[in-house]
Amino acid sequence: MRYNEYSHRHGKELLKILHPDIFKEVRTILEELDPFPHGAKKQVTVKNYICNAFVENGWKKEGRADFKTDKKDLIDLCKWKIAAEMEFSRFEMFFRDFFRFMLLYERREIDVGIIITLDEMAYERWKGEALAYKTNRASLQKLIDFLKGDYSSVVKVPIWCIGIE
């Protein structure tokens, strides 16, 4: 699978230094996955497709994050002191991820967050149904725009942003 990336507050670089094995593992998982055949596999979402590859490598899926609310808060994937979220639906979900990462980072439960989303090239490759929702869907470019804009002063947690093609 091909991907593009952005490192917010040196997230990628910190992961590489603090947890080199996990950094290599994430790269290997993504690079060895075949491109997601959108629409070709019934009952399989891109999130499940990628999640399964991580779980096979020892990542915990739907890890509980205790934020002391009446809602059950879950992180998509976690391993050691790394939390990963995957956003393939609406771009507003990035804000939920930012808050989760910031709380976990503030409590020193994570060193780095990872957000995996779609790259703009995915929409071009998939065409059809996915292309129709492009303006509302999460994408690496929207994520970068948020993190390079005014949100950069608020989102102080290091995040490695990955956009899959």
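## Strand β4 and its neighbours

Strand β3 (residues 74-79) pairs with β4 in the antiparallel sense, over three bridges. Strands are DSSP runs of E with at least two residues, helices are runs of H or I with at least four, and both are numbered from the N terminus. Two strands count as paired if DSSP finds at least two bridges between them. The model is predicted, so local features need pLDDT of at least 70 and side-chain atom pairs count only at pLDDT 80 or more, while totals for chains, interfaces and linings use all residues. Residues are numbered from 1 along each chain as its sequence is written, and side-chain values use heavy atoms, with hydrogens and water left out.

C78 stands opposite A83 in β4. β3 and β4 form a hairpin with two residues between them, and W80 in the turn has a positive phi of about 55°. β4 is also joined to strand β5 (residues 112-118) by five bridges, and these two strands run parallel. In β5, A83 has G113 as its bridge partner. Together, β4, helix α4 (residues 93-106) and β5 make a right-handed β-α-β unit. Right-handed means that, with the strands pointing away from the viewer, the path from the first strand over the helix to the second runs clockwise.

## Burial of β4

In a regular strand the side chains alternate between the two faces of the sheet. In β4 (residues 82-86), I82, A84 and M86 point one way, and A83 and E85 point the other way. Five of the five residues of β4 are buried. Buried means under 20% relative accessible area, exposed means over 50%, and partly exposed lies in between (1.4 Å probe, protein chains only).

## Helices α1 and α2

Helix α1 (residues 11-18) packs against helix α2 (residues 20-32) at an angle of about 120°, with the axes 5 Å apart. Axes are lines fitted to C-alpha atoms, for helices over the stretch in contact, and angles run from 0 to 180 degrees between N-to-C directions. The two helices, α1 and α2, are therefore oblique to each other. Angles under 35 degrees count as roughly parallel, over 145 as roughly antiparallel, 65 to 115 as roughly perpendicular, and the rest as oblique.

## Two loop residues with positive phi

Most residues other than glycine have a negative phi. R9, in the loop between β1 (3-8) and α1, has a positive phi of about 50°. R9 is partly exposed, with a relative accessible area of 37%.

R108 lies in the loop between α4 and β5, and its phi is positive, near 60°. At 68% relative accessibility, R108 counts as exposed.
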